[in-house]
Amino acid sequence: VRRLSIVLGDQLNEDNPALRQLDPSLDLIWLCEASEEATKVPSHKARIVLFLSAMRHFAERLRARGLPVRYLALDQHPYSSLAAALSADLQRLKPQSARITHPGEHRLLIALRDACATQHVPVEVLDDDHFLCSTADFERWARGRKTIRQEHFYRWMRKREQVLMSGAAPIGGAWNFDKSNRSSFGKQGPGRLPEPVGFPPDETTQAVIDLVSERFPEAPGDLSRFDWPVTSEQAATALEDFLANRLPAFGAYQDAMWTEQPFLYHARLSAALNLKLLDPRALIDAAVAAHTERRAPLESVEGFVRQVLGWREYVRGLYWREMPGYLERNALRAQQPLPAFYWDGETDAACLRAAIGQVIEYGYGHHIQRLMVTGLFALLLGVQPRAVHQWYLAMFVDAVEWVEAPNTLGMSQFADGGLLASKPYVASGAYIQRMSNYCRHCRFDPKQSTGDRACPFTTLFWDFLAAHRDRFAQHPRTALMWRNLERLDQAELAAIRAQAGALRESLLA
Ligand code: SF4
């Protein structure tokens, strides 16, 4: 073998840089299913199936193109880690060199580089041009800035890529339409929602489902609903379905929640995108075209573009800028363990029960459930950020570390002390009441902060404000929120804090 082209489970684009300039008569493509990737944190069964099925479909496609592929299936090799399997193959195959597109996880980058070094095989790590902004460009943008906020990065990217721009000005006269992105479904609910297109398991996926059920019976999550796209064609169909049926209302309702409606108007494309079955440029172009052709309003298209061109590229740049070390951040010194109900959904709080139950069922929760239900509760309770990070990485089909860690540690848990978010995203139960119908099905009352019917979010919200008063009460971005504390008299606050303490105790049990 002249050169080994290593392809990871989240690098399944046919124009993967590691597959370019490949000579089929001399080179070999290498893919490996490793159990460690499914067990280093307990991974949702659907997440394991998604990765393995997409990898197997991808390998088949490469073979159909006449390319030489060495594929190590989970049950066909004795190695638990990718690095160990690679090391053994480097020894056996003795390639002159190896190449890999920059992995999405720092740990893997180091482990695979080390494996090559140990076997004295020179390895080339190629820039991942799936992303519109390279890590070097991000660094150039960030260097010397006092704050590296998403909003500034997003505007810079809009101008640089000329997306939704009219010359130097944003189309519609504003960079965002936040005020039009916060509608709830009111009392009447969302009505009849478009059923998103799904992809029932084919033979390959079914074989993986059987394997995962047998090999990882203890892994969390359910497989009976598995219908995620596992090929680029399926991902393209899912994109078309979103553009035609959900994008028009996506903008208005992106922060709304409703019981037994796991997807609402959300795209369901993040898993396919993060495995690189979709190109972000295709998403952006298609969404912009939907606006140009008057199939979707600007508030929806801009909101979607902001996620893909702004937020996604920004968190990736930030991850590589801050790693290693980012995973250890704990600015608020949160020490509570993650409550056990995060793994089984067994809680009286209807919002948490719905959001977690849905994750167990589908491996999916939409953005506002992640930020303002499961993430918010962990933040208010004071859960160790690392434990929250591991839960999100484990339980969501779209979770890969470069995107999950900044979202969890930075945006949701404020563990990086304000590097990513200018203030912690905190709210009481009133927010959840306003944006959903969860509270109507709950034994708690979002208005109450003490007593048997006290909403745990509301109790913990006041407790959080009191606990972190010194840090935030004088800060210009947060002072207004902390001023709310002045509404409470001392006895009331003491009762709330006692209730919060008892709640923490009970969740330790
Ligand atoms: Fe959640 Fe509180 Fe509403 Fe219950 S009352 S659903 S715990 S916000």
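**View 1. Pairing of strands β4 and β5 in the predicted model.** Strand β4, residues 97-101, pairs with β5 in the parallel sense, over 4 bridges. Two strands count as paired if DSSP finds at least two bridges between them. Strands (E, at least two residues) and helices (H or I, at least four) are DSSP runs, numbered from the N terminus. Arg99 has Glu124 of β5 as its bridge partner. Residues are numbered from 1 along each chain as its sequence is written. This is a predicted model: local features need pLDDT of at least 70, side-chain atom pairs count only at pLDDT 80 or more, and totals for chains, interfaces and linings use all residues.

View 2. Contact between two residues requires their C-beta atoms, placed from the backbone, to lie within 7 Å.

**View 3. Domains 1 and 3.** The chain is divided into domain 1 (3-126), domain 2 (135-196 + 232-322) and domain 3 (341-508), with bounds from an automatic or database domain assignment. The C-alpha centres of domain 1 and domain 3 are 38 Å apart. Domain 1 gives 10 residues to the contact and domain 3 gives 10 residues. On the side of domain 1 that touches domain 3, the residues are 4 nonpolar, 3 polar and 3 charged. Ala, Val, Leu, Ile, Met, Phe, Trp, Tyr, Cys and Pro count as nonpolar, Asp, Glu, Lys and Arg as charged, and the others, Gly among them, as polar.

**View 4. The shell around the ligand.** The ligand is surrounded by 15 residues, the closest being Cys351, Gly429, Cys439, Cys442 and Cys455. A residue is near a molecule if its C-beta atom, placed from the backbone, lies within 6 Å of it. Helices α14 (350-362), α18 (429-435) and α19 (456-467) each supply at least two residues of this shell, and α18 gives the most, with 3 residues. By class, the shell has 12 nonpolar, 2 polar and 1 charged residues.
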